[in-house]
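These notes are meant for a colleague opening the model for the first time. Please read them with the sequence and the structure side by side.

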Amino acid sequence: MMNLETAKHPENLKRVVLEPLTRVEGHGKITLLVDDDNHVQQARLHIVEFRGFEKFIQGRPFWEIPVMVQRLCGICPVSHHLAAAKAVDMLVGARTLTPTAENLRVMLHLGQTLQSHALHFFHLSSPDLLFGFEDEITHRNILGVIADHPDIGLQGVRLRKYGQEVIRHISGKRVHGTASLPGGMNKPLTNHSRTVLLADIDQIIQWSQAAVKLAKKVYLSNPDFHQRFGYLETNMLSLIRDDGALDLYHGGLRAKDAQGQTIFDHIDYCEYQKYIQEEVKSWSYMKFPFIISKGTAEGWYRVGPLARVNNCDFITTPLAEATRQEFKFHAGGNFIHASLAYHWARMIEMLYSAERIKELLLDDVTMGEDLMAYGEKCQEGIGVVEAPRGTLFHHYQIDENDLVVKANLIVSTTNNNQAMNETVRQVAVNYLDGRSLTEGLLNHLEVAVRAYDPCLSCATHALGKMPLSVEMVNSRGDVVDSIVRSATGEIKRSG
Amino acid sequence: MSQPSTITIDGQTVPFQEGQTIMEAALAANIYIPHLCYQRDLTPDGSCRLCTVTVNGRNTSACNTKAMAGQQVLNNTQELQDIRQTLTRMLFVEGDHICPGCTKTGNCQLQAVAYYVGMLSSHYHHFYSYRKIDASHPDYFIDFNRCILCELCVRASRDVDHKNVFGLSGRGRKTHLVINSPSGELADTDFAVGDKAAFICPVGAILRKRTRYTTPIGERLYDLQPINVVGDAQQIHAGAKRHGNQN
Ligand code: SF4
Ligand code: FES
């Protein structure tokens, strides 16, 4: 593919700015430098990421971290809570939790995954997938889905709500509760909670199964388009359980190349810095991580549902495993690389989460009261989980007085940074080159980014009504054309 | 024996003993007057002004005004709640009171008072002051960013513990809490776990280390009942000590 990260002569090019991305949590901006024939010469995804947090927690006592870092994100606060909790477990020397605490943590995490995946698929992506990218903006949202496909829309809402209820029963609140303590959990699950959650779980599993079917059907329905759109052959990185099973809460690091060959496997994540590094680029706030042994040019990778479902050898729950096999079968056992396959993989994971929640609810160990483990304190802690959007690293150092002196976070979206940029470039070349700007066409770019479910900061724009402005700037810096999409979906053109 | 003297608070007749303050008489009659710097066993300080009441038409602080027969006290009026809300807002913006990240949340008197007076936003600009935490002591840490200068720790350490660990220094906006030790650090004092000053702070400024978010949401002091029913945050420490649990 043509290298579109940096154009040879940017001074003679027009600039197309697309900002902010709708229905992606947070802010992002795509800039396209276009020549006089509207050929894309440079494409970059700029992400404004809130890195200030690492600074903000410096000087704070370590036991505050798991609750504080939740504020990084309103969509997956539990992932930050748990990654930090695992790091803090290490600081207090509790490397193995009690079986009950472990079960509760995993269940909390799965509740989070369920609600986040449901939100993403039904609220954010199903409008595009069901109606097409060029559908009316006022219709292409969850309300449109509920109007045209009431069963699907409402299932999405109920699935999300169930995940939030799991979180609430364990952490006290649907968003930003407290649950994990250094070395354990702060309360057992009550029998009441168990009964309430068990009452709906079979329905949730059934709907999740239907969601996998729907995602698969959509993916297969227009193979030329879905399988080519945002197609990108990449390395894949994820956590993996000791026996090769999909695990979202704990495991070693596994990286495979585009052909599915192992780069490294079952690596203790505390050693992550020996395997992964972050590159800084002058034009982006967000860093670009890469696998050290493959270098910056070849070493970037994808994380998240697609990477996890491709990477794992099997899934422990039967229904999800059956869907994983279909997924694998589709590509003849090879990795699936199409960006839109993320949605299919995401729904497989949602089904896994639902099935696993049921297993945990039925497991008497989950109902135990022994919640805390203790050990010898140390000054460095690292916690890694598979957040809904991908591998999430939290790394802290404390001083002898228990205050944080250093923090390093690699969030899922950062891990996908290069891949999202590559996808944008590819889509820009295939779908925008040589055609003038239309709202539907520009939305292709957003859809490409949205497949990764990037969590860019803390806001949810579930209704897709964020204003969007597109400017075309010529080589002298004059605005020659612009499109503004207002919060109500109204389009205004000038120029 | 003569008839006990009485005052009225919001029209309700309240008896008092000779020498009692309006606050003491009110508490004895189970009437809540918002307060932050007052604590039963310590000499009143009168610094937070949250206990402002109207006595015979004039505003004064209830914690250090003596009850006198026939006083007509107004306590629960919109006008007074508005004044208290303003004071509470000023306390919030002056320090760093980010409840979600504070281990005291749910057990904090400032937070509970803010709910009681109906505060929904800070309204004023935050000072964003940055004061370094003192974590030198093995069992306690002090987050000066959360200190509301109520002087409860100062009085408790001086008058009850007889250690004089804390003091206030500076004037006006520059007033701040200091530790009386050669290095200025808590580790350099004889401050200890059993001190009254160790569990008197109404906010999250003096906290036991590693106490975390042990009490689940829904079971914290002010989750169950509002402050006008349940009373001061310090009470929970008495109960908490029984359970070996500080927060
Ligand atoms: S540290 Fe606590 S008790 Fe002491 S003056 Fe500050 S707020 Fe009051
Ligand atoms: S309680 Fe009376 S002034 Fe603070």
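This is a predicted model: local features need pLDDT of at least 70, side-chain atom pairs count only at pLDDT 80 or more; totals for chains, interfaces and linings use all residues.

1. Helices here are DSSP runs of H or I with at least four residues, numbered from the N terminus.

2. Which residues of α11(A) are buried? They are A:Ala320, A:Glu321, A:Thr323, A:Arg324, A:Phe327 and A:Lys328. Seen down the helix axis, these buried residues fall within an arc of 165 degrees, so they line one face of α11(A). The face turned away from this buried side carries the exposed residues A:Pro318 and A:Phe329, while the buried residues pack against α7 (191-221), α10 (305-311) and α12 (341-362) of chain A.

3. A:Arg308 lies in helix α10 and A:Glu349 in helix α12 of chain A, so the pair ties together parts that are 41 residues apart in sequence. Both partners are buried, A:Arg308 with a relative accessible area of 1% and A:Glu349 with one of 0%.

4. A:Arg308 also meets the side chain of A:Glu386 in a salt bridge (2.7 Å, N to O). This pair links distant parts of the chain, with A:Glu386 in strand β12 (residues 380-387) and A:Arg308 in helix α10, 78 residues apart. A:Glu386 likewise counts as buried, at 0% relative accessibility.

5. Between the chains, B:Arg146 forms a salt bridge with A:Glu64, the closest N and O atoms being 3.1 Å apart. The pair runs from the loop between β6 (140-142) and α4 (152-160) of chain B to the loop between α1 (52-56) and α2 (65-68) of chain A. B:Arg146 is buried at 4% relative accessible area, and A:Glu64 is buried at 0%. Both belong to a network of salt bridges that links A:Arg60, A:Glu64, B:Asp143 and B:Arg146; over all chains, the structure holds 25 salt bridges.

6. Finally, ligand 1 is surrounded by residues of chain B, including B:Cys147, B:Cys150, B:Cys153, B:Cys201 and B:Glu151. By class, its shell has 11 nonpolar, no polar and 1 charged residues.

Key. Residues are numbered from 1 along each chain as its sequence is written. Chains are lettered from A and ligands numbered from 1 in the order in which they are written. Side-chain values use heavy atoms; hydrogens and water are left out. Buried means under 20% relative accessible area, exposed over 50%, partly exposed in between (1.4 Å probe, protein chains only). Helices (H or I, at least four residues) and strands (E, at least two) are DSSP runs, numbered from the N terminus. The arc is that of the directions from the helix axis to the C-beta atoms. Contact means heavy atoms within 4.5 Å. A residue is near a molecule or strand if one of its heavy atoms lies within 4 Å of it. Ala, Val, Leu, Ile, Met, Phe, Trp, Tyr, Cys and Pro count as nonpolar, Asp, Glu, Lys and Arg as charged, and the others, Gly among them, as polar. A salt bridge is a side-chain nitrogen of Lys or Arg within 4 Å of a carboxyl oxygen of Asp or Glu.
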